[in-house]
Amino acid sequence: MFIKQAEQLKLEKQHGQVDSGHQGVIRPGRVFLVRWSRYNPYYLEPEPRKEVYHIPETELTPEQKEERELKSVRPIKAATNSVTSSVFNDPVLSKFVNMMMKDGDKIIAKGIITQTLENMKRKQVEKYHKAPEGKKAEIECNPYAIFHQALENCKPVIGLASIQKGGKFYQVPIPLTDNRRRFLAMKWMITECRDNKHRRTLMYEKLSQELLAAFSKEGNVVKRKHELHKMAESNRAYAHYRWW
Amino acid sequence: MAASSGRTVGSFLWKCGNFCFNFNTVSSNLTRQVLSRQLCVSAVFHRKNLAAAGPEKFSEEFIKKQVEEFNIGKRHLANMMGEDPETFTQGDIDRSIAYLFPSGLFDNKAKPLMKHPDEVFPKQRAVQWGADGRPFHFLFYTGKQSYYSLMHDTFTKALAVEKHQDRLRGKGLFTQDAKQISLVGSRWLLKEELEELLVETISDHDYARFIQLMERLLSLPYCSAEEDFVQRYRRQLEIQSSKQQVQPLQYDQHGVAYSTGDGRRKTATGTVLLRDSGSGSISINGTNYVHYFPVLQDREQLMFPLHFMGVLGRFDMQCSVSGGGHSSQAGALRLAISRAMLSFLSEGQVETMRQAGLLTPDPRIKERKKPGQEGARRKFTWKKR
């Protein structure tokens with residue numbers, strides 16, 4: 001039933017698409033397989049959200065109908081540990097928790113994030129109560145909204161790749177995929193909080209400060225993003241070195 | 001010819017040690033010759049290269065005779081077992097043979113076998129040239145006559161459909177939304193299945209070209225005229241939700257409905273007794289679930305199936321779990337709860353639970369350590385010298 005996937009570059013080239021079983025890094029023309037899966041690539045991803053299944057038949061687009069029919073004949077993978085149908089389940093937040101995690105200790109990472117969100121809420125509510133009447137509506141108190149907006153503000157639009165040409169390495173501006181952008185934003189946030197803050201402050205405090213700063217487009221992380229953009233702009237001349 | 005082939009094949013098989021029994025039960029007036037063994041060519045149908053099997057070893061009459069003998073033998077077997085000969089299925093035959101000839105052998109291919117001759121004797125090509133040596137089919141010299149004739153047929157049909165479309169366009173009756181062939185729930189024939197159908201070996205490239213041509217036929221708006229032809233080369237996929245085993249609901253002495261379920265995740269196993277009493281209390285190994293699972297994520301996993309179906313406060317649960325760590329125990333219990341809940345749900349709800357990923361046992365386990373490496377993935381420190 002569950003077939004262990006061996007490295008199958010030939011399969012990749014024949015079918016010309018990425019199996020869900022192989023989460024490889026793709027540069028078009030070359031595939032580096034970095035991970036295989038206990039699942040047969042025939043298995044589809046599960047959909048744990050409740051609302052999706054309550055849409056009546058009439059409101060489905062033809063693509064959604066086709067997807068439903070496909071799902072009815074294909075086996076589905078099991079939902080992972082961190083995924084639930086609850087309203088509090090946030091895939092972006094789960095990814096952030098996993099990136100914060102050290103040595104597999106998710107309990108501590110999740111605790112830090114919860115404290116961060118609580119801290120952000122407290123600060124914002126304090127600001128809200130101190131603000132004059134006119135300004136109250138502008139202050140965002142929902143910590144989840146702040147987190148998402150802060151992350152959006154940290155995501156770079158364009159990245160750099162080191163390409164060798166004629167013996168020298170040039171920093172060439174390249175477009176980034178959505179996943180890569182999200183990953184960079186999170187990575188920068190975490191490294192910034194771990195390295196560049198005062199030693200005695202706790203992680204949740206550092207994170208909440210940095211997230212609130214990123215929410216208002218200040219702080220070191222958005223500065224880093226702007227620097228990356230400037231570098232890409234200055235290296236614009238080498239853009240044609242990119243062949244994909 | 002049959003006897004000689006039987007002998008030669010028999011000697012070959014005797015070396016292999018494979019035997020198949022084809023029943024030929026004797027009518028009452030003959031002497032006791034219960035098993036006239038006909039040694040079947042089981043070695044041939046394990047060979048992959050169908051085309052290289054050579055010219056036919058079994059003539060048509062031989063195969064026909066085998067089919068008759070099989071049918072007569074089936075009726076005799078049904079009479080022996082006291083069953084009705086008219087409704088004696090292949091499954092019944094297998095069971096009867098296993099009962100009458102209990103075999104201590106482990107290899108399934110070595111045990112006594114009674115199957116329809118079409119399954120036993122491999123499909124083989126009839127001789128492709130006449131007495132004068134001239135081949136019958138015009139594509140014989142391509143080497144893959146059935147494959148190329150199939151490609152020709154498909155292309156002819158595509159041309160016919162295009163001609164039909166042009167005629168309709170000429171009359172002004174052409175519409176884009178003609179009835180389309182429904183492809184959902186079926187898949188193309190695999191390369192092996194196509195080879196079996198054509199009784200010829202084809203390469204991967206040939207197979208890809210065939211699929212390409214069929215897709216091209218399907219891309220034409222008026223292809224529904226050739227639906228039968230296309231469906232011959234597609235296989236139905238079975239609906240996955242029908243594979244779920246749902247236990248019937250049980251009732252205890254107070255009339256309260258209950259059901260059990262068990263689940264596994266990594267090395268943890270859990271069982272759950274779900275009672276429809278309406279209080280929503282959960283006890284695990286005798287303790288309250290809040291004390292047993294202090295981590296929020298584990299409790300969320302327990303609630304996932306209940307919350308998904310909207311029955312949070314309805315069921316009483318008595319769980320027992322052992323093995324693994326806290327996460328895998330929670331995962332095992334989640335699967336057990338989902339399985340126990342199936343008895344309370346309708347078909348559509350079972351399907352939604354399956355699509356949410358609640359009913360699949362998670363196959364991920366700890367990856368083994370490999371020799372020459374420190375762990376599953378980590379290599380030893382590289383030293384230059």
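How do the residues of the lining of the second largest cavity divide into nonpolar, polar and charged? Hold that thought while we look at the whole thing.

This is a predicted model, in which local features need pLDDT of at least 70 and side-chain atom pairs count only at pLDDT 80 or more, while totals for chains, interfaces and linings use all residues. Residues are numbered from 1 along each chain as its sequence is written, chains are lettered from A and ligands numbered from 1 in the order in which they are written, and side-chain values use heavy atoms, with hydrogens and water left out.

## The two chains

Let's start with what each chain is built from. Helices (H or I, at least four residues) and strands (E, at least two) are DSSP runs, numbered from the N terminus. Chain A comes to eight helices and four strands, and from the N terminus on its elements run α-β-β-α-α-α-α-β-β-α-α-α. Chain B has twelve helices and eight strands.

A residue is buried under 20% relative accessible area, exposed over 50% and partly exposed in between (1.4 Å probe, protein chains only). A contact means heavy atoms within 4.5 Å. Accessible areas come from the Shrake-Rupley method with a 1.4 Å probe, and for residues only the protein chains shown count as cover.

| Chain | Buried residues | Contacts joining residues at least 24 apart, among those at least 6 apart in sequence | Accessible surface |
|---|---|---|---|
| Chain A | 36% of 244 residues | 62% | about 15,400 Å², 53% from carbon and sulfur atoms |
| Chain B | 37% of 385 residues | 66% | about 23,300 Å², 54% from carbon and sulfur atoms |

Both chains also come with domains, whose bounds are from an automatic or database domain assignment. For chain A, the assignment gives domain 1 (40–89) and domain 2 (91–241), and their centres, taken over C-alpha atoms, are 30 Å apart. For chain B there are domain 1 (61–120), domain 2 (145–236) and domain 3 (250–356). Here the centres of domain 2 and domain 3 of chain B, again over C-alpha atoms, are separated by 49 Å.

## Back to the cavity

Rolling a probe the size of a water molecule over the atoms shows where empty space is left. On a 1 Å grid over the protein atoms alone, a cavity is a set of points where a 1.4 Å probe fits but cannot get out, and lining residues have an atom within 4 Å of a point. Grid points are joined across faces, edges and corners, and a volume is the space filled by probe spheres set on the points.

Searching the whole structure turns up seven cavities of 30 Å³ or more. The second largest cavity has a volume of about 90 Å³. It is lined by 13 residues, and the closest to its centre are B:R265, B:G331, B:R334, B:T360 and B:D362. Strand 4 (257–265) and helix 11 (326–341) of chain B each supply at least two residues of this lining, with helix 11 of chain B giving the largest share, three residues.

And the opening question? The lining has five nonpolar, four polar and four charged residues.

## A few residues to look up

B:Q301 sits in helix 10 (residues 296–309) of chain B. With a relative accessible area of 1%, B:Q301 is buried. Leaving aside residues up to four places away in sequence, B:Q301 touches A:T80, A:N81, A:S82, A:V83, A:T84, B:A330 and B:R334.

B:Q128 is in the loop between helix 4 (117–120) and helix 5 (145–171) of chain B. B:Q128 is buried too, at 13% relative accessible area. Not counting residues up to four places away in sequence, B:Q128 touches B:P135, B:F136, B:F140 and B:Q145.

Over in chain A, A:D103 has a positive phi of about 55° although it is not a glycine. A:D103 lies in the loop between helix 3 (91–100) and helix 4 (106–130) of chain A, and at 83% relative accessibility A:D103 is exposed. A:K217 also has a positive phi of about 55° without being a glycine. A:K217 lies in the loop between helix 7 (203–215) and helix 8 (220–234) of chain A, and A:K217 is exposed at 59%.

Finally, A:V125 belongs to helix 4 of chain A and is partly exposed, at 27% relative accessible area. A:V125 and A:C141 are 16 residues apart in sequence and 6.3 Å apart in space, C-alpha to C-alpha.

Definitions and conventions: 1 Å grid on protein atoms, 1.4 Å probe; cavity = no way out; pocket = protein on both sides within 12 Å on 5 of 7 lines; lining within 4 Å. Nonpolar A, V, L, I, M, F, W, Y, C, P; charged D, E, K, R; others polar.
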